[in-house]
Amino acid sequence: MSPRITIVMPVYNGERYLAGAVASALAQDYDNFEIVIVNDGATDRYSARIAQAFRDANQDRIRYIYQENGGVAAALNTAIGVATGEFFAWLSHDDLYYSDRLRQQMEFYQKFDLDGACVFSNFRFIDENKNKLSSAVLNASVFEAIPEVSLLQSGINGCALLVPMKIMRQY
């Protein structure tokens with residue numbers, strides 16, 4: 001069986017984009033995943049309702065947690081604390097996944113069989129109408145030559161990461 005992935009979604013006043021983000025997560029062509037939505041004390045009118053509606057319609061796939069506002073790190077930590085997946089994937093409430101995102105990254109991870117390795121990808125910047133603004137194309141040779149750059153100034157987007165959950169819990 002494929003390893004389970006937990007998609008972590010911190011939400012704060014995300015009513016404008018949240019439905020699209022959740023729908024893109026649900027549209028994955030990789031089957032073994034869960035979504036943990038953490039409402040970090042949103043004060044807008046509809047974030048909670050949108051998240052709860054998706055949870056109610058997808059109870060086998062989505063968990064919803066409300067907490068007082070503590071910031072994105074607190075929301076991520078809350079989700080990590082309840083995650084059942086062997087891998088961590090982040091999806092902000094205003095971002096979208098391609099439907100093959102989880103499958104492609106998991107296939108890449110398994111191809112190299114590197115215990116504890118993190119996988120990341122290029123990504124695109126889009127506007128509020130999903131029009132492409134630009135792409136971030138990461139230079140693999142830089143990471144190979146100077147691995148520390150991935151931590152310091154790489155341009156890696158958190159929503160493009162696939163990380164073993166044991167690493168997330170450890171650090």
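Which residues are linked in a network of salt bridges? Arg4, Glu34 and Arg63 are. I count a salt bridge when a side-chain nitrogen of Lys or Arg lies within 4 Å of a carboxyl oxygen of Asp or Glu.

First, the ground rules. This is a predicted model, in which local features need pLDDT of at least 70 and side-chain atom pairs count only at pLDDT 80 or more, while totals for chains, interfaces and linings use all residues. Residues are numbered from 1 along each chain as its sequence is written, and side-chain values use heavy atoms, with hydrogens and water left out.

Now the overall picture. The protein chain has seven helices and eight strands. Those are DSSP runs numbered from the N terminus, with helices being H or I of at least four residues and strands being E of at least two. Of the 171 residues in the chain, 40% are buried. Buried means under 20% relative accessible area, exposed means over 50%, and partly exposed is what falls in between, with a 1.4 Å probe and protein chains only. The chain exposes about 9,700 Å², and carbon and sulfur atoms supply 51% of that. The areas come from the Shrake-Rupley method with a 1.4 Å probe; for residues, only the protein chains shown count as cover. As for contacts, meaning heavy atoms within 4.5 Å, take those between residues at least 6 apart in sequence: 75% of them join residues at least 24 apart.

Next, helix α2, residues 47–57. Its buried residues include Ser47, Ile50, Ala51 and Phe54. Seen down the helix axis, the buried residues of α2 fall within an arc of 95°, so they line one face of the helix. The arc is taken from the directions from the helix axis to the C-beta atoms.

On to helix α4, residues 101–112. Where does arginine 103 make its salt bridges? One partner is aspartate 29, with the closest N and O atoms 3.0 Å apart. That pair links distant parts of the chain: arginine 103 sits in α4 and aspartate 29 in the loop between α1 and β2, 74 residues apart. Another partner is glutamate 107, where the closest N and O atoms are 3.4 Å apart. Arginine 103 and glutamate 107 are four residues apart in α4, which means a separation of about one helical turn. Arginine 103 has 25% relative accessibility and counts as partly exposed. Aspartate 29 is partly exposed at 37%, and glutamate 107 is partly exposed at 43%.

Aromatic pairs next. A search of the whole structure finds two. Phenylalanine 87 and tyrosine 109 form an edge-to-face pair, 4.8 Å centre to centre with 80° between the planes. Phenylalanine 87 lies in strand β4 (residues 87–90) and tyrosine 109 in helix α4, so the pair ties together parts that are 22 residues apart in sequence. The rule takes rings of Phe, Tyr and Trp (its six-membered ring) with centres within 6.5 Å; planes under 30 degrees apart are stacked, over 60 edge-to-face, and the rest tilted. Phenylalanine 87 is buried at 7% relative accessibility, and tyrosine 109 is buried at 11%.

Phenylalanine 112, in α4, is partly exposed at 42%.

Last, a backbone detail. Asparagine 13 has phi near 50°, a positive value in a residue other than glycine. Asparagine 13 is in the loop between β1 and α1 and is partly exposed, at 31% relative accessible area.
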